[in-house]
Amino acid sequence: MGKQLKKRLDDVYQNYLEGNITRRDFVKFAGIAGAALGLAGGPFGLMGNAFASKSITCHSWGGTTSEALRKFAFDPFTKATGIEVIDAAFTGMDAFLTQVKASYPPGGEFNIAHLSAVYDYARYTDLGFGVVLDESKIPNLKNVMTKMTDTLRGITNGTLSTVPYDLGQTGIAYNTNHISKEKAEKLGASLLYDKSLKGKLGSWGGDFRTNMWYAALHTGQSPNNITDVDAVWDALTEQRSMMKKYWASGSELMSLLANGEISATVAWSGRVAALQDQGHPIGYLAPDGTYSWMEYMYVLKGTDLEVAQQLLNFMLEPEASIAVAQGQKYPPALDPTKVEMPEDVKKLPAFDPTGKLNGYLFADPAYWNKHQLEWAEKWDRIMAGA
Amino acid sequence: MKEKPWKPWLLLSPSLTAVFLLLIVPVCFVVVYSFWLRAPSGMDIPAFQFGNYAKFFADSFYPVILLNTIRVALETVFICLIMGYIPAYFFYRTESRLKPFLMILVMLPFWISFIIRTLSWINILGDSGLINHLLLKYGMITTPLPMLYNEGAVIMGLIQYLLPFMILNIYVSLDGIDKSLTEAAQSLGCTEWQAFREVTLPLSLPGVSAGCLLVFVLTCGTYLPPMILGGPNNEMIANLIFKRVIGTLDWPFGSAISVILLLLLVIIVYTYNRYMGINQIFKSLSKG
Amino acid sequence: MKKLISGWTLIKLYTILVYVWMFAPIVAVVILAFNPQQFGTFPMEGFSFKWFVKLSQNSTILDAFKNSLVLGSLTAVFATAIGVPAALAFIRYEFKGKEFLNTMLIAPIMIPEVILGVALLLFIRWLQQPKSFALLLIGHVVLTLPYVLLIVQARLVGIKREYEEAALSLGASPFQTFREITFPLLAPAIFAGMLFAFTISFDDVTATLFWATAQNQTVPVQIFSMLRTSISPEINALGAVMILLTVSIPLAAGYVARRFARGNTP
């Protein structure tokens, strides 16, 4: 019984997408269907019961991201299907992987996760947490920038265990009261090594990749193929003596910049946009070879794929995607040539109006994951001054 | 009561069961893990080898962090003791109606999350924080004093977190002392100070030692104050474990560091118990 | 006599200074809850209740707050319920392996929580059990047990056994003795132990991070996850509200009690 109704819901949703019924009608029908489902499935068949009380968990970034997702994707989804979405907040990328790795049943507790960076896509997949999505069930996937899906497909032999969701950069933030725009643009990545900023520099202590990436740019190397690793370590050792604080969280990054404790640091583009929104004198610099990354909704093994695919489709609705982008200040994965974007999204750092992402440099997952253990430890030693 | 040898075991059984199942057994897992290998893909490979331990002692990097942690912990204990004993003594002696209220105030900082409390020091000690703001405003300095991101700031954060533990532990044992003892001592001609030194202070030592032990051990296990208030030189062993276990997902090595820290703490607690420890004092008191 | 007073004044002064120091960051948090700017520092630019209004509409934080309260209260009850008998066993009885067991029960504070968190997860994965609220609760009880034990033991040592023995020799049952003699003398320590257990549980981040399921997230875990983007001053507002409650309830209770006392003795 549950399956049949769900099928009908799919059909109605399809109709709605094709423009045959209005959103209002759709929601109304969904409500009636939900009620019918509840009645029909009530005291009888376990099947209906199991379906009615079903839930799916989505781990995301909390705060404005969760609010937007709840309003524009989760609530409509629950109305349409009767399936509850439990939205939980991450406590950090690495902590989440630890939790997933230690969970039982494998993947049972975790369904969809809003992950960052392609190398993590490779890590989750290598650890065997991936699934193969039926892309025909996620029609909205056609609006996503193809470069993003292609990058992910490359890791999982042409299939997808995820849908790309948004786009970000780790660029350089600087205090415009202390550093002029001309100077910043002239120096590029070397701004982070400028002697006059001694004691006023910050960097992300939690990630060896970010630091090595900019050291590679500073020493004139390609970040995805560092030939002279020692030069990178030397540059980082030298930079350490000028460092005020290796920050550990976005919150810390924002307060260090907002309070003028540091004048320049590597920074997540969305956080800089949030500071600029609040009127702080912070400039954003994206030099050649800026570290770009993408965020995506990863579906973990053990999840009911039917439900997950439906939910992903709701999440990729332009309305939901754009609201999330406005909340977290990272541009959506939707191709701006296919979906009209509002002005404030177009102004976000890392936004690409062409939808082609040419010139965006992502970290090569195979390269970085191969060296992870060795380099992470070396980075710790440099930070600690050993 | 001696005729019922099973009685203490009955009283202990719920705690022992809980601690055994949720602590001892899981820790055995950690010990087992510390001998495993980690594949570059992130998989853990069962093995029995001492490579993880060898790595820890391969050069001075990790041992130095361990020693720094112990030094910071001792400094924290010392300052907490100096800052905590007098307020605890004040609670013991005061006749004020406000006493219960003042006691609850000691616990009040805990109502604001540890993370927030720690971050809050930035508003006070930072370049644009309260102290620098006032000093600059009244022209006492011309450039902000750098007070954050050093060992002092870390210890500040640690004490803020741990002082209530010290105060309450000392107070609880002071409160058990019969005040007529000091009166008796004074009527025998002791000065107030002598009475304190000869009677009150020795009797309050169980609380002092419990407080010191608690503060020491908790310092060794926290990673948030060094992470938030520390500079790059203030790495502590718990940060390292956090990074290895959570950051690089290197559970075998993280486990090995944990086992080393654990062994060290067990030795310290054991020695403490043996020579000046809680149980020793309990015994002498209950005999006397 | 004069010297005595000055010594006492010094003690008072010292205590006040320690309080000032201890409350400096708390006061900063409460003040900044009224700052309209998100990254407010001193001097404040304006005054607003905006974060309090936002907080009252934020169901995520309020739910987490409720979870924290329930978890903390249950932890306090269970930890004292199993901790007090254990403390009695250690202080009132002689038996083999006492020191070892005492150390073992205090062990949960010696193990860094990161380790404890992951270790427990490994164990339940091995048992093939999913995470649950019960696990979180028992975990917190184990974490807070040492505090209850330390406090209750320290107090128990000071209670003379003669009192209990006198009651027993007068024909009271062991349970009556505990209820009539030991418990009232022990009550402050039990209360302190509960307060400690509650606050430790209420403020625990690391272990809860690993043990909590998606449905029972607590306030500290929420704050930890906010670190990634930015911590909303709503959290400062929540802190201010809690401080207000904890300060005002005992004061109000004391005031009411005095009013009643005065009313009875005209």
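I began with Gly171(C), which counts as exposed because it has 7 C-beta neighbours inside 10 Å; the cut-offs I applied are 20 or more other C-beta atoms within 10 Å for buried, 12 or fewer for exposed and anything in between for partly exposed, with C-beta atoms placed from the backbone. I worked on a predicted model, in which local features need pLDDT of at least 70 and side-chain atom pairs count only at pLDDT 80 or more, while totals for chains, interfaces and linings use all residues. Residues are numbered from 1 along each chain as its sequence is written, and chains are lettered from A and ligands numbered from 1 in the order in which they are written.

I placed Gly171(C) in the loop between helix H7 (161-169) and helix H8 (174-203) of chain C; helices are DSSP runs of H or I, at least four residues, numbered from the N terminus. From Gly171(C) to Ser230(C) I noted 59 residues in sequence and 65 Å in space, C-alpha to C-alpha.

Next I looked up chains B and C. Their contact takes 75 residues from chain B and 76 residues from chain C, a contact being two residues with backbone-placed C-beta atoms within 7 Å. On the chain B side, helix H1 (residues 7-33) gives the largest share, 15 residues.

Last, I turned to chain A, divided into domain 1 (2-167 + 294-358) and domain 2 (169-292 + 362-384); such bounds come from an automatic or database domain assignment. Contact between them takes 14 residues from domain 1 and 15 residues from domain 2 of chain A. On the domain 1 side, helix H6 (118-126) and helix H7 (146-155) of chain A each supply at least two residues, and H6(A) has the largest share, 5 residues.
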